[in-house]
Amino acid sequence: MSLEELDQEPFSVHEFVERLAWKTMGSKAGSNPEDFDPMKLHTAFEKMIGDLQKKNEDKQKRIEQLENSCKEEEKKHWQRVMELQKKNQALYTNFQKLDERISYVATKVVHLGDQLEGVNTPRARAVEAQRLMNYLAEFLSGEALKSAILTDPFQLQLAADIIQKLHLIALELPVGGKFDRARQKIAEKYDNIERELIGEFKNAHREKDLKKMKKIASVMTNFKGYGQCIDAFITESQRNAFLKPNIFDDVLPLCEKTNEVVHAVFVNPENVMGKFVQNIFQTKIQNHISKELGDRSDPVHYLKNLNDLYSRTTKLIGELSGFKFGNDSSLLNKLTRGIFQSHLDSYIDIETRYLRDRCTILLHRYYESKEHQKKQIQSGGIHDLKRDIQAKIGKANINIGPAIEDYGGEIFLSEVDAINILQETKMAFKRCQMLSNPSDLGKNAAKIFDVLSQYLVIEHIDYALELGLQAIPLSDPKTEPEIYYFDVINQANSLFQFVEKQFMDSLVPLILSSPMHGVCLKRKRELREMLETKIDVGVDRALNSIIGWIRHILSTEQKKTDFKPETDDAPMLMLSPACEKVVKFLTKQARSIRRSVDGKNIDVVMMELGKRFHRLIYEHVLQFQYNIIGAMLVICDVNEYRKVVKEEFQVPLLSRLFEKLHGLCNLLVVVPENLKTIITGDQLIELDEAVVLSFLERRSDYRTAKIASLIKR
């Protein structure tokens, strides 16, 4: 086996030993144990160990040789480094000397330059003065100009430089004499060159020659007509622009394009850009807006246009805010105010006047469609007093109160027209936010809310409640009352909820940070309280009318003989005729209330009606004497009342009240000996003794059966 295997990568000691053993013993030693010769393997291992030790010694010698060689090389390296350091120090010294020499020479050169400039400047000035005097002499000679510069159209910029200087000289010449003619000719030439420069500038602009434009603009900075040059640039830049129907779509692209040209041509680009935008606003945009808003005969069209144009203008201002317009950071806002100020000052007056007119038209159209002439309604005070007196003396056929008119069940509330009014005010709030000055925003929004409150809440909802109040039958009706007031309540609540939603969604964000927030909240609360007061009055009247009719049924239909027949062979009825009519009427009214009233108000109204109905039935039952047949009938009647209350009213407390009443009626049929047990039972134990006794006294056998003494024992 060769030792070269030790130099192979990767090297594994385990594999090396395995290969050595395999080569020494051969392949048969693994399959037949008898062929295994350990001494042979031992000898091979000893030989390989000896070879490895020898190889190790050779490697060690090689390492020592390399280390000695490396030390020699390192020594030579440090010697070279020391030599380089010495050379570097010498070079640094030479560099310092050279730098000092250069500084000395530069000082001499600067001094020499100053001396040369001191000599050359007066000479150059003298040459320039002589040149200008020669040109001035031409103007003083009275003859036609002969200098090539002043007459050659291709040397216009050089001529401009000369004539500008001559113009300054002419201003210093004495007035009168021979200089007046020269001054006039210089002024004429000055104006002529100025016009030619502007003409050349226009041509260069049309040819998009920015270099030539820049040269001419630079020359024109010293001329009085530099402003005319800028005006010419503005005019040429707007040539063939604003071709779209919407002028605002052209402004931003034009400004972006022009801004690049301005910065490439003019030395004061920000001021030029400011004049450019100012020209667009004060001519193009202002003319467009004046044309669009010139006709105020149609307020809605005018307001929509004003809002649209102002929003487009403010959007344009935001897009142009990235440009610089000189030192005036508020230029765009000033331009906008200048254009719209007259319209914004009168905006809120036009807005509220339009809303009033629009609401008036909508409501008038609605009442006209119902063939109803809106009238002044008297309420409260003497009016209510007359109504109450009329209810008391109704039997005498004396009419001192108002006539009851139900308008055929019409409730006079239009959800469609209410939504139209709310939509108009919603758009008005949006316009108010856009067009109002921040300091006036809250006040203007409150004015719009006042219009909404007046026309939708007072003129429509409150008016309908007033009509509904007048249509409620008296509390002692002689015919079955038709009560539509609960439908009025339902619709009125729905419409006022729409108002409250718009109050939160559209109005509150506009007034939240202003003093008008508290004012508007108070106003809304007052409106709600006003409507709730009328609703409460109407509900009370409606319930009185319902109970009054039930009382009328009971007083006219219920006979004493129903509960105490004169003969024992009277037919046994399941319900009294009066009970059937009461149940039918009460069921109809309860369902009408449940259909019209929503939320927690249902339970409140049902509770109040149920309590009054319970009191009426309680007092009614105590008016009669009962034998056994009559007692069974009144129990059936009360049970029917209980069923109606439980199924239609759905108020647990009322159900318990009628269960107690039913239990009291059961005392009318219980045999005398069991009365004490019933009275002390769970159902009646909580009742006052006087209440129980009042029912026992209604029994026809109360005295004969000596019931009073039985219940005391």
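Contact here means heavy atoms within 4.5 Å. By that criterion, residues 24 or more positions apart account for 75% of the contacts in the chain with a separation of 6 or more. This is a predicted model, in which local features need pLDDT of at least 70 and side-chain atom pairs count only at pLDDT 80 or more, while totals for chains, interfaces and linings use all residues. Residues are numbered from 1 along each chain as its sequence is written, and side-chain values use heavy atoms, with hydrogens and water left out.

**Overall make-up**

- The chain has 26 helices and zero strands; helices (H or I, at least four residues) and strands (E, at least two) are DSSP runs, numbered from the N terminus.
- Of the 713 residues in the chain, 39% are buried, where buried means under 20% relative accessible area, exposed over 50%, and partly exposed in between (1.4 Å probe, protein chains only).
- The accessible surface is about 42,100 Å², and carbon and sulfur atoms contribute 53% of that surface.
- Accessible areas come from the Shrake-Rupley method with a 1.4 Å probe, and for residues only the protein chains shown count as cover.

**Val109 and its surroundings**

- Val109 belongs to helix α3 (residues 38–141) and is exposed, with a relative accessible area of 52%.
- Together with Tyr104 and Val105, Val109 forms a nonpolar surface patch with about 270 Å² of accessible area.

**Ser414**

- Ser414 sits in the loop between α14 (382–392) and α15 (415–435).
- Ser414 counts as buried because its relative accessibility is 8%.
- Apart from neighbours within four places in sequence, Ser414 is in contact with Tyr366, His460 and Leu495.

Methods:
Patches are made of residues with over 30% relative accessible area and no salt bridge: like charges are joined within 9 Å, nonpolar side chains (Val, Leu, Ile, Met, Phe, Trp, Tyr) within 5 Å. A salt bridge is a side-chain nitrogen of Lys or Arg within 4 Å of a carboxyl oxygen of Asp or Glu.
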